[in-house]
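The following questions and answers are meant to be read beside the sequence and the three-dimensional view.

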Amino acid sequence: MNKNRQKATSVLIIIAMVMISLSCSTTSTSDLAGESIIPKPVSITAAQGFFELKANAAIYIQGESEELRKIGNYLADKLRPSTGFALEVITDDKVPGPGNIYLSLSGTETKPGDESYELSITKKMVHLSAKSPAGLFRGVQTIRQLLPANIELSTKQEGEWKIAAGTISDYPDYGYRGAMLDVARHFFIVDDVKRYIDLIAYYKMNALHLHLSDDQGWRIEIKSWPNLAIKGGSSEVGGGAGGYYTQEQYADIVKYANDQYITIVPEIDMPGHTNAILASYPELNCNGKATELYGGIEVGFSTLCTDKEITYKFVDDVIRELATLTTGPYIHIGGDESHVTKKEDYIPFIKRVQDIVLAHGKLVMGWDEISLSDLNPNTVAQYWSSAGNANLAVSKGAKILMSPAAKTYIDMKYDSTTVLGQKWAGYIEVDTSYIWDPATLVPGIGKDNILGVEAPLWTETITNMDELEYMVFPRLPGIAEIGWSPVSIRNWDDYRIRLGKHADRFTVMQINYYASRQVPWSENR
Ligand code: NGO
């Protein structure tokens with residue numbers, strides 16, 4: 001070979017190598033700032049290069065804390081099946097050598113439950129640091145989303161596990177970011193609730209509100225009033241068998257959620273939405289006669305008898321047992337649509353029930369109607385339909401949890417062709433549920449008045465996990481982003497592209513989702 005041909009051949013080889021390396025490096029490893037993380041992090045700074053997770057990597061955690069070890073194990077459990085790597089979890093006070101993931105606590109927690117985290121990715125190491133374990137747990141979700149979607153598969157995959165280099169500094173805009181699941185209209189078993197917890201954790205939500213009682217069913221064992229679960233738990237919408245959680249099962253759900261830094265907020269709806277109670281105990285009816293169990297979907301026809309003393313004994317017993325099962329600060333007392341309770345009875349009833357909850361060491365949440373009553377300090381009103389009620393609550397010193405039905409009710413149909421769901425609050429396409437700002441939606445209610453956001457899933461028409469997921473995805477990730485990412489960095493055109501890229505993740509996580517035409521989905525469906 002003469003010199004010129006040699007030169008030409010080496011140029012060709014170099015070009016070929018560059019092309020091969022370009023085709024191997026997916027967009028997901030080239031630019032940290034271009035990654036499709038939901039909720040969008042507060043700040044991302046991209047750097048050159050990438051970190052590659054290899055077979056000899058370990059997850060180092062700082063110090064001997066059992067809590068941090070748990071988070072390390074959680075991350076390892078997520079990454080082991082698809083990578084096939086051992087990913088030993090090692091506690092060590094020294095900063096680990098190259099090739100590893102390092103989780104550490106830094107600084108001091110400024111407020112309890114601080115969920116901020118910092119993520120630094122270099123060629124040498126992925127270093128996640130936070131002021132609290134909750135922050136580390138949120139950061140772990142970012143690491144999952146930065147790896148290729150196949151990381152979520154449960155069988156070993158061939159492939160490179162790269163993360164683009166750079167730093168992320170992130171923290172939530174609102175302290176409460178929740179989902180609500182109505183297990184009363186249709187019952188969902190413990191494993192379903194656990195899957196839902198896993199899914200909301202992936203989008204950094206930190207609360208799951210369980211609607212445990214309604215006209216159609218009672219879903220939690222109460223030892224002092226056993227018939228609530230036995231009889232009241234035996235019905236649901238459409239005449240199915242219903243079901244209930246034993247206290248052991250419920251405690252298991254609470255623990256499962258707490259391990260993912262998610263608070264369970266239990267709701268016992270009263271004085272309306274109480275037919276299942278009234279069917280179980282005749283003495284709680286004003287006429288002393290039990291009602292029939294109910295499997296329809298009408299609302300607003302039932303009420304506890306607010307004049308009878310036994311009603312308050314009942315409430316006290318239920319709240320006492322529930323409070324011992326509740327690790328979070330709140331118990332939700334419902335209070336919505338008590339259309340057959342006289343206003344003069346409703347107002348003192350809600351006041352007295354608040355006092356009972358407080359006496360058992362918990363704070364009160366209730367739907368926005370509770371603002372008609374006196375509100376105890378720290379009571380939270382959940383805005384769903386009446387801006388007037390929400391403003392009244394604020395004037396009484398309450399904080400607002402934002403669940404505007406026309407934006408966050410993910411039981412609403414997407415459009416006129418959606419088979420599942422209701423439409424009384426309007427159709428809610430993906431853009432409608434995303435394009436709004438909690439701090440400006442209701443005149444008179446600003447950011448300082450707001451505790452956070454919550455997406456309720458009422459289940460009159462939702463009977464199983466496939467149906468649940470279809471209504472929840474893809475609207476829930478958007479609501480999670482509204483709660484986490486500041487309004488200044490949120491933008492529908494950017495969001496829809498990031499959301500579209502999550503299609504691959506939905507698929508590998510076997511999430512049944514609605515492929516809205518508004519979103520450029522990354523996979524061919
Ligand atoms: C309303 C009603 C619920 C229904 C839901 C259906 C509230 C707070 N109360 O919301 O009982 O299930 O609408 O969308």
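On a 1 Å grid over the protein atoms alone, a cavity is a set of points where a 1.4 Å probe fits but cannot get out, and lining residues have an atom within 4 Å of a point. This is a predicted model, in which local features need pLDDT of at least 70, side-chain atom pairs count only at pLDDT 80 or more, and totals for chains, interfaces and linings use all residues. Residues are numbered from 1 along each chain as its sequence is written, and side-chain values use heavy atoms, with hydrogens and water left out.

Q: Which strands each supply at least two residues of the lining of the largest cavity?
A: The lining of the largest cavity consists of Phe51, Leu53, Ile101, Val126, Ile143, Leu147, Trp161 and Ile163. Strands are DSSP runs marked E of at least two residues, and helices are runs marked H or I of at least four, both numbered from the N terminus. At least two lining residues come from each of strand E1 (43–53) and strand E7 (161–170).

Q: What is the distance between the sulfur atoms of Cys286 and Cys305?
A: A disulfide is a pair of cysteine sulfur atoms within 2.5 Å. By this rule the model has 1 disulfide. Cys286 and Cys305 form a disulfide, with their sulfur atoms apart by 2.1 Å.

Q: Why is the disulfide of Cys286 and Cys305 right-handed?
A: The handedness is read from the torsion about the S-S bond of Cys286 and Cys305, and the disulfide is right-handed because this torsion is about 100°.

Q: Is Cys305 buried or exposed?
A: Buried means under 20% relative accessible area, exposed over 50%, and partly exposed in between (1.4 Å probe, protein chains only). Cys286, at 55% relative accessibility, counts as exposed. Cys305 has 3% relative accessibility, and therefore counts as buried.

Q: Which residue is joined to the side chain of Arg185 by a polar contact of 3.3 Å?
A: Arg185 lies in the loop between strand E8 (176–182) and helix H4 (190–202), and counts as buried because its relative accessibility is 2%. A polar contact is a pair of N or O atoms within 3.5 Å; within protein, one must be able to donate a hydrogen and the other to accept it, and residues adjacent in sequence count only if both atoms are side-chain atoms. The 3.3 Å contact joins the side chain of Arg185 to that of Asp214.

Q: Which residue in E17 is the bridge partner of Arg177?
A: Two strands pair if DSSP finds at least two bridges between them. E8 and E17 run parallel and are joined by 6 bridges. In E17, Arg177 has as its bridge partner Val453.

How values were computed:
1 Å grid on protein atoms, 1.4 Å probe; cavity = no way out; pocket = protein on both sides within 12 Å on 5 of 7 lines; lining within 4 Å.
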